[in-house]
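Here is a short briefing on charged side-chain pairs. Please have a look at the model first, and then read on.

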Amino acid sequence: VSNKVSAEYSEARKELPSSGSERKIVLMDSISLVTNQDREKIIVSGSHGGMLGKDPNTALKYDAFAGFFHDAGVGKADAGITRLEPLNERGIIAGTVDGMSARIGDGVSVYNDGVISHLNKVAETAGGKVGLPLKKFIEKLVPCIPSIILSAALLALIRSGISKSLMAVASLSTKPGQIICNFTPFGVRSK
């Protein structure tokens, strides 16, 4: 038994610097640190991607633009990724990083080191891919102002339930003023 006293540690929360035309990214060690001020931001949490109980509203307390978590090794009955579907139903981009790629409970590690292991449909539509470093995917989600306006409009459509009859796909560009938007009915692919 050691008599060494451990340094006190408290969960951390950090908002990354951004220009005025970029969506804000918030790194947090625990999803319990999310606040009402985080609405429409990109949340990267060191928490596992599992639901707390059965209430889908606990997947993420506030409607962020995107939420990313640690898959905690996924576990029995996919317990470590159960937040993804409820967030998909709310039109929120969501995913997890592989448990062996980043430290659980460490939002900075999930952001810097995490490799995507699972995504919801909204995240796939936004260009996410399993195996992609999370940081690279997030770079695609931090668009210029015209794209932010388009993204907000698309998310509003998805959240309003119109996604039952309409699929909206947006290719967001980092070049100011360059927006490509394509609306396709479900079941029909466009070129």
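The notes below cover salt bridges and the exposure of the residues that form them.

This is a predicted model. Searching the whole structure turns up five salt bridges, and three of them are described here, pair by pair. Side chains of opposite charge can pair when their charged atoms come close.

**Glutamate 15 and lysine 41**
- A salt bridge joins the side chains of glutamate 15 and lysine 41, with an N to O distance of 3.1 Å.
- This pair links distant parts of the chain: glutamate 15 belongs to strand E1 (residues 13-15), while lysine 41 sits in the loop between strand E2 (25-28) and strand E3 (42-48), 26 residues apart.
- Glutamate 15 is partly exposed, because its relative accessibility is 37%.
- Lysine 41 has 13% relative accessibility and so counts as buried, the cut-off for buried being under 20%.

**Aspartate 63 and arginine 90**
- The side chains of aspartate 63 and arginine 90 form a salt bridge at 2.7 Å, N to O.
- Aspartate 63 is partly exposed at 23% relative accessibility, whereas arginine 90 is buried at 16%.

**Arginine 103 and aspartate 106**
- Arginine 103 and aspartate 106 meet through their side chains in a salt bridge of 2.8 Å, N to O.
- Arginine 103 is exposed, with a relative accessible area of 52%, while aspartate 106 counts as buried at 17% relative accessibility.

Conventions. Residues numbered from 1 in each chain as written. Predicted model: local features only at pLDDT ≥ 70, side-chain atom pairs only at ≥ 80, totals over all residues. Heavy atoms only, no water. Salt bridge = Lys/Arg side-chain N within 4 Å of Asp/Glu carboxyl O. Helix = DSSP H or I, 4+ residues; strand = E, 2+ residues; numbered from the N terminus. Buried < 20%, exposed > 50% of the residue type's maximum accessible area, 1.4 Å probe, protein only.
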